[in-house]
Amino acid sequence: MDILTLIDDVIAREGGYSNHPADRGGPPNWGITQAVARDNGFVGDMRALPRATAVAIYRRIYWDQPGYAFVAEMAPSVAAELFDTAVNMGVGTATGFLQRALNALNRNQRDYPDLTLDRAIGARTLGALRAFRALRGKAGEAVLLKAIEAMQGERYIALAENRPANEAFLYGWLANRIG
């Protein structure tokens, strides 16, 4: 699992600078919203956001800090999805999807105890993933990935239903972020 390849893929999907009036995060560049850039110390015009700054933000905020590299050691495709989902929906939401899916797939706690939905990767979440992966193997990883993507798709539709301006983004979210 190469995080730089995942970042390159996200940047290729997101493209360069845009300024859509319905984007609540402000004008993004390289997929980094103005709000995230400001939170990470960039104060210039978003059209001038260096690609290297975007790469550093992606790596730090959406890979290193949430601990997705630890997930990648056991379930690389799940880690890649968590990264992509975190970029688009936030780290807590992505990690929460993983925890909810692991809870739903633990056969009423026969395979491992339910997780507290704290939206953070920790020892218990990694332990549950390890137990799930040991029991279900590579095929289980694919099922876990489907569960995460199902929750992500439902959230996109809910975002569009609850804020009609988000309908401008729904087609692209579903086309580029699910499966």
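Colleague: Why is Thr-85 called buried?

Modeller: Thr-85 has a relative accessible area of 1%, and buried means under 20%, with exposed over 50% and partly exposed in between (1.4 Å probe, protein chains only); therefore Thr-85 counts as buried. The model is predicted, so local features need pLDDT of at least 70 and side-chain atom pairs pLDDT 80 or more, whereas totals for chains, interfaces and linings use all residues. Residues are numbered from 1 along each chain as its sequence is written, and side-chain values use heavy atoms, without hydrogens and water.

Colleague: Which residues does Thr-85 touch, not counting residues up to four places away in sequence?

Modeller: They are Gly-90, Ala-94, Phe-97 and Gln-152, where contact means heavy atoms within 4.5 Å.

Colleague: What makes α5 mostly covered?

Modeller: In α5 (residues 76–89), which holds Thr-85, 11 of the 14 residues are buried. Among them are Val-78, Leu-82 and Phe-83. The buried residues pack against α1, α3, α4, α6, α7 and α8.

Colleague: Why is α6 called oblique to α7?

Modeller: Helix α6 (residues 91–104) and helix α7 (residues 123–162) pack at about 120 degrees, with their axes 8 Å apart. Angles under 35 degrees count as roughly parallel, over 145 as roughly antiparallel, 65 to 115 as roughly perpendicular and the rest as oblique; therefore α6 is oblique to α7.

Colleague: How do the residues of this contact divide into nonpolar, polar and charged?

Modeller: The contact of α6 with α7 has 11 nonpolar, 4 polar and 2 charged residues. Ala, Val, Leu, Ile, Met, Phe, Trp, Tyr, Cys and Pro count as nonpolar, Asp, Glu, Lys and Arg as charged, and the others, Gly among them, as polar.

Key: Helix = DSSP H or I, 4+ residues; strand = E, 2+ residues; numbered from the N terminus. Axes fitted to C-alpha atoms, helices over the stretch in contact; angles between N-to-C directions.
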